Amino acid sequence: MPRSFFITTPLYYVNDKPHIGSAYTTLIADIIAQYHRMTGDDVFFLTGTDEHGQKVQQAAEKNGISPREHCDIYAARFKELWSYFDLSFDDFIRTTEDRHVKVVQAVLMSLFEKGEIYKDTYEGWYSVADELFISDKDYEEGRYRDVRRISETNYYFRMSAYQERLIGYIEAHPDFIRPANRRNEILGFLRQPLKDLCISRPKERLAWGIELPFDKDYVTYVWFDALLNYITAPGYLSDDAKFAAYWPAVHLIGKDILTTHCVYWPTMLMAAGIPLPRTVFAHGWWTSEGQKMSKSLGNFIDLETIRGYCESVGKDAFRYFMAKEGPLFSDSDFSRDRFYQTYNSDLANDFGNLVNRVFKLIDKYFDGRIPEAGEPGEDELAMMEASVQCRETVLAEVEELNVNAVASTVIAYVTSINRYLEKTEPWKLAKTDLAGTGMVLYAALASLRFSAALLYPLLPEKMTEFFRMLNTSEAPGHIVQWQDLKSGTPLGEMKALFPRFDMQLLENS
Ligand code: MSP
């Protein structure tokens, strides 16, 4: 039986266009999904859009269209970007779909009937911009925008009743909230008394939402609605076998939505009697050229900027950089120079040059046919062993969701292939020992093929091209054996996979 693996991204708001933040989480989720597929896991990768709430209603009003039309336009923009990057998600959920509305209403009804939801009147501060009721302290500290005093009758979820249970759960499950600093942040937050959660908005104030099944004058608070997507998509209440196969999920999110995912969501699940997620992994944020991204500073990495990078050196290079340098454990800076330096050093120099070198030597001495493996010596056996070690390390890093480390691990192996060639010097050896030269070039190419297979989730387009250059019928995306490289096969046409980027071009722009 294959192991099942369910990974999610946040559902992106449709009041803004996609940008580096949304691209980042989705790309790394794709990379993790691809590695799991590589090992034969049965993967369910979910993304989508969060379409209800005040901001969407306001944005639609501003543009003079209906909220639904607005959502259709924005959801299509996300889909377009994901198809540009050829992402491999299995489902794209929109919170306005019927399948989701049904689940939200069924969960609300059952919680209401169990007494987990009650009606009450609140008088206090409300941030219109953040759609949140805030405390007097928050108000005094001025942390929220567009704050008004309101008195309103609403429905509340008894979140406070789950505080102790949640603390106990987090303490007993070290992998539930990751990395550790985020876990500590939540445990710190839970040292304060937890309040009940307001889960409704009166329709007179906000009409664009899912109607409460027990009171038609109200719609559901957007977070209570959106979080439930994670169970709608794998078939909660609609496909028991699918739900049992995939749930619980690994949620990849950004640090700003930690509380909703690590406090609201698990307590909602506890109340509904559903197991908690396997892991909530909250990554940090990208800054840009050393500063917080902002439209006014002109350093905002939007869709056009992303496309610019992709057009200069390829989409794969962008994906690779996201993975290697991304803010997984702490914030990380996107700098243009660093982007091109990483491309030149890892991809153009280390991998690209090595491919050129090995292909040219095979062309020169073996008429472009993969030479015989011969009787591998100590160095060749070491390369073979190192390849297996490299794969084990990569898979362990993927298990830890440590996408940052994966690229470095494989590139270190690629560097060792370069060192092996420097040591064995096949260009000199060819003058005296052609069989020995064949053995060396076979080992180098077998190691390259092995590393290309491991790099595939990071560089899917280019590694597919590389496999085409090997002229094999095998498709990348699978575990390969080092010694399965077929001697005698004529190599395909050599292409420059990663042409060097001329850094001087940057000085003039
Ligand atoms: N709709 C909610 C999520 C609901 S999940 C049930 C939401 N959407 S969002 O579109 O505003 O944000 C999506 C993600 O983008 C968040 O994970 C956020 O952390 C991420 N990012 C936004 N700016 C970012 C950076 N500068 N860097 C990295 N990620 C950032 O929140």
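Predicted model: local features only at pLDDT ≥ 70, side-chain atom pairs only at ≥ 80, totals over all residues.
Residues are numbered from 1 along each chain as its sequence is written, and side-chain values use heavy atoms, with hydrogens and water left out.

The phi angle of Glu425 is near 40°, a positive value in a residue other than glycine. With a relative accessibility of 26%, Glu425 counts as partly exposed, because that class lies between buried, under 20% relative accessible area, and exposed, over 50%, with a 1.4 Å probe and protein chains only. Glu289 also has a positive phi although it is not a glycine, with a value near 50°. Its place is the loop between β14 (286–288) and α12 (303–313), and its relative accessible area of 44% makes Glu289 partly exposed.

Pro179 sits in the loop between β7 (177–178) and α7 (180–189). A cis peptide bond also leads from Trp247 to Pro248, here with omega near 10°, and Pro248 belongs to the loop that runs between α10 (240–246) and β12.

## The six-stranded parallel sheet

An open sheet is built from six strands in the order β3-β2-β1-β12-β13-β7, and its pairing is parallel; two strands are taken to pair if DSSP finds at least two bridges between them. At the edges of this sheet stand β3 (91–94) and β7, each of which pairs on one side only. Within the sheet, β12 and β13 (residues 279–283) pair in the parallel sense over five bridges, and Gly254 is found opposite His283 of β13.

## The three-stranded antiparallel sheet

A further open sheet has three strands in the order β9-β11-β10, with antiparallel pairing. Its edge strands are β9 and β10, since each pairs on one side only. Strand β9 (residues 200–202) runs antiparallel to β11 (residues 215–220) and is joined to it over three bridges, with Ser200 standing opposite Thr220 of β11.

On the other pairing, β10 (residues 211–212) and β11 are antiparallel and share two bridges. Here Leu212 stands opposite Asp215 in β11, and a hairpin of two residues connects β10 to β11.

## Surroundings of the ligand

The shell around the ligand holds 22 residues, of which Leu11, Asp50, Gly254, Asp256 and Trp286 come nearest, a residue being near if one of its heavy atoms lies within 4 Å. By residue class the shell divides into 13 nonpolar, seven polar and two charged residues; in this scheme Ala, Val, Leu, Ile, Met, Phe, Trp, Tyr, Cys and Pro are nonpolar, Asp, Glu, Lys and Arg are charged, and the others, Gly among them, are polar.

A polar side-chain atom of Asp256 lies 2.4 Å from a ligand oxygen atom, while a nitrogen atom of the ligand is 2.7 Å from an N or O atom in the side chain of Asp50. The side chain of Trp285 places an N or O atom 3.2 Å from an oxygen atom of the ligand. Taken alone the ligand exposes 680 Å², of which the protein buries 92%, with areas from the Shrake-Rupley method and a 1.4 Å probe. The elements that give two or more residues to the shell are β1 (4–13), α8 (222–227), α9 (229–232) and β12 (250–254), and β1 provides the largest share, four residues.

## Cysteines

The number of disulfides comes to zero, a disulfide being a pair of cysteine sulfur atoms within 2.5 Å. Cys71 counts as buried because its relative accessibility is 1%, and Cys390 is likewise buried, with a relative accessible area of 5%.

Methods
Polar contact = N/O pair within 3.5 Å; in protein donor to acceptor, adjacent residues only side chain to side chain.
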